[in-house]
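Hi,

Here is the structure I said I would pass along. Have a look first, and my notes follow below.

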Amino acid sequence: MPGPIRTRFAPSPTGYLHIGGVRTALFNWLFARGRGGAFVLRIDDTDVERNLEEALQPIVDGLRWLGVDWDEGPGAGGDHGPYFQSQRADSHRAAAARLVERGHAYWDYATPEELAAERETARTQGRRFLYSRRFRAETPADRERFEAEGRSGVVRLLMPREGTCRFTDAVRGEVEVEWAAEQDHVIQRGDGSCLYHLASAVDDHQMAISHVIRAEEHLSNTPRQIFIMESLGYELPVFAHLPFVAEPGSSKKLSKRKLARYLQHDDFRALAERGESIARTAGIEVDDTFNPVIVDFYRKVGFLPEALVNYLALLGWSLDDKTEDFTPDELVQSFSLERVNRAPASLDPQKLLVFQGRHMAARPVEERVELTLPFLRLAELVAEPPSEAEVDRLRRVVEAAGDRIVVAGDILDYADFFLPDHELPYDEKAFEKRLVKPEEAGDLLRRFRIELGEVEAFDAVALERGMRAFTEARGIKLGQIIHAVRVAVTGKAVGFGMFETLEILGRESCLARIDRALAELEARR
RNA sequence: GUCCCCAUCGUCUAGCCAGGUCUAGGACUCCAGCCUUUCAAGCUGGCAACACGGGUUCAAAUCCCGUUGGGGACACCA
């Protein structure tokens with residue numbers, strides 16, 4: 001298999017980039033990049049595609065976002081174009097004609113009804129259907145005769161009916177299929193347009209693809225493509241069939257019905273809901289492609305592309321028994337087809353989140369600020385453009401939040417730091433439990449508020465010292481005051497360290513918020 | 001239905017090709033404990049798998065056969 005390494009990803013323009021599809025693209029890309037080869041993006045569209053532009057955009061955007069860049073294809077040019085299958089129809093037809101000429105394919109004039117009848121007979125007799133070739137035109141005269149009968153012809157492959165097709169798959173090893181298991185597939189329709197298997201074989205050859213790395217669903221299609229390629233005198237590429245990404249559902253079009261089924265998985269639903277919650281507060285549009293099977297979902301809620309890439313690479317591939325963290329560069333260096341798994345792998349949202357968390361935690365604070373800021377802007381929690389003070393506060397919040405911010409959109413969990421004091425919402429349960437129910441809460445909070453107004457340095461260290469002195473003087477436990485203060489200044493029962501919270505908020509906000517909480521408490525009693 | 005592919009903890013996987021070092025290793029989840037002002041994190045410990053049945057062999061997760069289960073392909077879809 002001489003010649004330079006060239007791989008390709010050939011999606012249909014469906015309007016979205018599927019997680020399984022992107023894994024296939026990624027493996028092709030990793031393989032090419034690791035071996036100094038080229039990665040080609042070919043669009044397997046058809047003439048009938050409407051709004052090609054619109055259907056292609058999410059795919060292009062998704063790949064770019066992930067850093068899976070292509071050397072040839074839409075937007076990149078290349079010497080092997082055009083890169084849209086619909087524009088290669090002439091080549092396909094020429095190949096079909098050549099196949100007929102060489103006796104590897106034939107014109108056939110059976111009607112759909114006649115074919116259906118043969119299929120039915122085979123089925124009732126419990127045997128495998130193989131077309132009888134009854135309406136095969138062996139000569140131009142035959143064609144004329146059939147056409148005179150008003151029949152229209154298609155071109156079919158003249159598949160061997162004996163012998164075995166053997167090939168070596170780079171991930172599955174030796175594969176054997178009886179030739180007789182293969183149908184005389186149609187390669188050219190009655191209207192002259194060509195079908196996928198022919199088009200794919202021709203395009204792969206003309207684009208000098210050296211390794212066809214694709215999903216397992218194509219394994220059974222390989223013999224017929226080998227037949228086409230060999231009949232045309234093409235050199236065979238190396239085939240590598242990747243195991244399925246066993247996400248809920250198949251690679252087929254996503255339907256509402258299926259989405260509902262995916263969401264029966266607790267982890268899946270949890271991820272989807274987390275994303276929806278982020279989208280809701282950020283005012284991001286949520287349509288039916290906004291779900292964790294679609295790459296765009298991850299971009300929108302603030303995943304790091306390299307985290308997704310890292311996780312996806314490990315879905316069906318591993319380097320050894322322990323290495324899990326890879327940068328894209330490291331993946332390029334270590335990836336090999338030999339270590340691709342044969343069994344299907346399913347997407348584990350929780351583990352994905354763990355990878356995301358690790359990659360996020362590794363980013364310096366400044367970068368995390370930049371990643372999270374857009375969500376604050378979308379949610380209109382900061383001015384446009386954000387003031388220096390706002391960015392500074394964000395920096396402190398990001399630092400304090402630490403690994404609590406897993407995806408960038410998680411910053412919205414801390415919206416209360418950016419809300420005007422008088423708009424702070426209270427978590428009802430927390431307010432009830434920490435302020436209303438404990439009888440002494442109001443009184444303690446009032447007294448603590450006075451100390452807070454007088455504390456000299458409003459920083460975490462001094463504040464902690466102050467509060468401890470406060471509790472010791474009264475012989476109470478820290479827990480008796482701290483929870484009340486937390487609810488008063490953040491509205492919530494949970495958050496990060498109390499004293500850093502107070503410091504970030506600053507004296508003015510803290511006092512205002514405590515006053516407001518006290519007033520609210522008064523009103524309820 | 002026919003053909004093809006696949007099968008290690010709940011999940012992702014290492015080990016399988018070159019059988020012994022595997023009372024099967026790692027990671028995620030889960031559980032318990034520690035830490036602790038809440039949450040998250042962290043630390044310690046724990047539960048948990050070679051689908052089943054035969055065979056080959058001194059020895060099988062590893063090799064062979066069968067069974068079962070899962071997936072895919074069998075279109076004038078891609």
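Arg 133 is found in the loop between α4 (112-124) and β4 (136-137). Keep in mind that this is a predicted model. Phi of Arg 133 is near 65 degrees, a positive value in a residue that is not glycine. Arg 133 is partly exposed, as 14 other C-beta atoms lie within 10 Å.

Glu 380 is another non-glycine residue with a positive phi, about 55 degrees. Glu 380 sits in the loop between α14 and α15, and it counts as exposed because it has 12 C-beta neighbours inside 10 Å. The loop between α14 (365-378) and α15 (388-401) also holds Pro 385, and the peptide bond from Glu 384 to Pro 385 is cis, with omega near -5 degrees. For context, most residues other than glycine have a negative phi, and most peptide bonds are trans.

On to the helices. α16 (residues 428-436) packs against α19 at an angle of about 140 degrees, the axes being 9 Å apart, so α16 is oblique to α19. Their crossing is left-handed. On the α16 side the contact is made by Ala 430, Phe 431, Arg 434 and Leu 435, and on the α19 side by His 483, Ala 484 and Val 487. That makes five nonpolar residues, one polar and one charged.

α19 comes up again at the RNA: with four residues, α19 gives the most to the surface near RNA strand B. In total, 57 residues surround RNA strand B, and the closest are Asp 44, Tyr 196, Ser 220, Asp 321 and Ala 345. By type, the residues of this surface are 22 nonpolar, 19 polar and 16 charged.

Cheers

Note on methods. Residues numbered from 1 in each chain as written. Chains lettered and ligands numbered in written order. Predicted model: local features only at pLDDT ≥ 70, side-chain atom pairs only at ≥ 80, totals over all residues. Near = placed C-beta within 6 Å. Helix = DSSP H or I, 4+ residues; strand = E, 2+ residues; numbered from the N terminus. Nonpolar A, V, L, I, M, F, W, Y, C, P; charged D, E, K, R; others polar. Axes fitted to C-alpha atoms, helices over the stretch in contact; angles between N-to-C directions. Parallel < 35°, antiparallel > 145°, perpendicular 65-115°, else oblique. Left-handed = near helix turned anticlockwise from the far one by under 90°. Contact = placed C-beta atoms within 7 Å. Buried ≥ 20, exposed ≤ 12 C-beta atoms within 10 Å, placed from the backbone.
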